[in-house]
Each structure stands twice: as structure tokens, then as C-alpha cells.
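Please read them alongside the coordinates.

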Amino acid sequence: MSGSGGYIVLDDNIVQSQISGTPAGSQGIGANSPAASPTVVIANNIVYGVNATSGDIGVLVASGTYYLYNNTVYNNYEGYAWGGSGKVTYISLKNDIAQDDTVGFAPGGTYTTLDASSTDNISDHADAPGSNPQDSATVSFVSTSTQDFHLSAADTAARGNGANLTSDPNYAFSDDIDEQTRPSSGAWDIGVAEYLAADITPPVITSFTMPSTSTSLTVSVTSFIATDSVGVTGYLITTSASTPSSADPGWSAASPVSFTFGNTGTQTAYAWAMDAAGNISSSTDQTVTIASAPSGGGAAVSVASGGGGYYTPL
């Protein structure tokens, strides 16, 4: 949470209810300040499980000006509720998700104004506010049983259906709860997290060179360059054409400057690159002929003064 004076930003939080018994009127996030009437931004938050009894609410705001952007609430009695009693509550809701709540969005109070720019909210009930609502819509998450509220690859409700808030006049932002840039591709997603497709593209080796001959088993690597759509995280040289394991201890974060062969003669080195997802490139190879260094030896020749020659082997 950040802010000063009457302006507060509450973002990037995960709120789980651990309420026991039946206390009424609990909230995961609650903001109500009749005296101060603050301006509060609530963005990129997850609230779930506030459902011990009726009247429990995931996000409750009242008496002030509120901007609720790209939040996800799940399995609360009421997902979002707003309203004032004697003080005006002004609220704008954009790109918010309510799922598996008894009530998704619950407006209330005579002194409540819903901002006309509210848009692109999703509820599995018929109560999503603003323009372009998705009512009675089911969002597909990675795993609600383990509280993983990232969007799954199968989702069609939230992915790519959100409003772009990069230049929002009230609160402009361009990241999600994981600090990933919005949008990850195409249009914004609704809810706390942008969907990121699994990285299945391996790196490509663009250059791998070694000298063609050497008199040492340790041979310099004059060039080893690889590229990847996300980033290369590992480099490896082997003498086998078989693809190595991503767990091979020989992987290094930097491209090697030399490689040591096990034998002399004609040898082949295979270069590999790996990315953070564990995708491994096709290999590029170089052949090196390693010659044995001269071992020494020979003969000493002597010539007698009388003209008769003889030699003495060493």
C-alpha cells in the first residue's frame, strides 16, 4: 500500500480468509472513511474465502472515491460491495473478476455513484457492472484448489477481453500482480494476471567456431553465440551428438572460451544452448584434429680425425 494525504494505492496483494466461527460483516479488503472521504485505488489484488456467513465481503468500499482495477475475488459471500450512508461513494470498476461468490457485485446505498467509464467486468452471476459486462461467465483458472488464480490456456472469458488502462485518466498502470508487463500480447486480460503462454521455442545457435587443428587437448572456442525469444540461460559443449539433459552439471551461464577433449586425433565438438524453460537447441558441431606433440629423440654423430667415421646412437 502506498499514498499520502487522502490518496491511497492498495495493489498486488493476496488476501485469504482464515475466519473461524460465524462472525458477521468481515471483509478481505475494507475501506470506509466517512470523515476523510479519501481517494483509493485497489488494483491487482486477489481476495478469496471470505464466506463464513452472510455479510462477509471480499472487497467493501464506502464513503470516498474508489478505483477498482484488475482484481480477482473468489469464493466469498459477496465478491465486491459498495455504498455509502450519508456520504457519497463514487466507484469505478474496470477489468474485475468475481467467481464462485454467493453474490458477485453488490451495489448499495442511496449515495452511490457508479462511474460511467466502468467496463469489462466478469461475474458468474448476472450482476457485472458497467459497459461490456460478462454475466453468467466462467473464468478458467490454473487451479482453484491450490489457489492459483492465473488464467489457464483454456480460458476464453478473461484472456484478451480487458480494457487497456495504460493511459487511464484516474490510475494509469501497465503491469500485473507478478510485475509482468500488460498486455503480454494483443489486448489486456481481465483479472490480476496476464496470461503467459508456455515457452516451447528452443534457442538457436548462430555461431560456433573452433580452430581446425590443435596440439593441445584444450582447444579455444573462438565464437559461441545463441539467441532465444526470451533469453539464453545455458551453454554446453559435448563430444556426443545426443541431446543433453537440462540437468547436466556441465551447463554454464556464460558461453565457454575453451573445451578440453579426452583424446587426440580427429574429434568433434557439439555446442548446445538452453533457455529458462528448459528448451534445448539443436546442436552445431566443429571438427578439430588434435596432433601429438613430438616426444624427442634422435642420434649424435661423431667423426674421427683419421677419416674413419662412426656413430654413436643415443
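Which side chain meets that of K94 in a salt bridge? The partner is D168, at 2.5 Å from N to O.

1. Basis. This is a predicted model, in which local features need pLDDT of at least 70, side-chain atom pairs count only at pLDDT 80 or more, and totals for chains, interfaces and linings use all residues. Residues are numbered from 1 along each chain as its sequence is written, and side-chain values use heavy atoms, with hydrogens and water left out.

2. Salt bridges. A search of the whole structure finds 2 salt bridges (a side-chain nitrogen of Lys or Arg within 4 Å of a carboxyl oxygen of Asp or Glu). In the pair formed by K94 and D168, K94 lies in strand β11 (residues 89-94) and D168 in the loop between β17 and β18, so the bridge ties together parts that are 74 residues apart in sequence. Strands are DSSP runs of E, at least two residues, numbered from the N terminus. K94 counts as buried at 6% relative accessibility, and D168 is buried too, at 8%. Buried means under 20% relative accessible area, exposed over 50%, and partly exposed in between (1.4 Å probe, protein chains only).

3. The E194 and R182 pair. These side chains meet in a salt bridge at 3.0 Å, N to O. Both residues lie in the loop between β17 and β18, so the pair ties together parts that are 12 residues apart in sequence. Both E194 and R182 are buried.

4. D189 is buried yet has no salt bridge; R159, the nearest side chain of opposite charge, is 5.6 Å away (Lys and Arg count as positive, Asp and Glu as negative; His and the chain ends are not counted). A polar atom of the D189 side chain lies 2.7 Å from the backbone nitrogen of Y195. Beyond its neighbours within four places in sequence, D189 has contacts that include R159, R182, E194 and Y195 (contact means heavy atoms within 4.5 Å).

5. T201. This residue lies in the loop between β17 (148-151) and β18 (204-209). T201 is partly exposed, with a relative accessible area of 44%. Setting aside neighbours within four places in sequence, T201 is in contact with D228, S229, D275 and N279. Of these, D228 is 27 residues from T201 in sequence and 7.8 Å away in space, C-alpha to C-alpha.

Terms used: Helices (H or I, at least four residues) and strands (E, at least two) are DSSP runs, numbered from the N terminus. A polar contact is a pair of N or O atoms within 3.5 Å; within protein, one must be able to donate a hydrogen and the other to accept it, and residues adjacent in sequence count only if both atoms are side-chain atoms.
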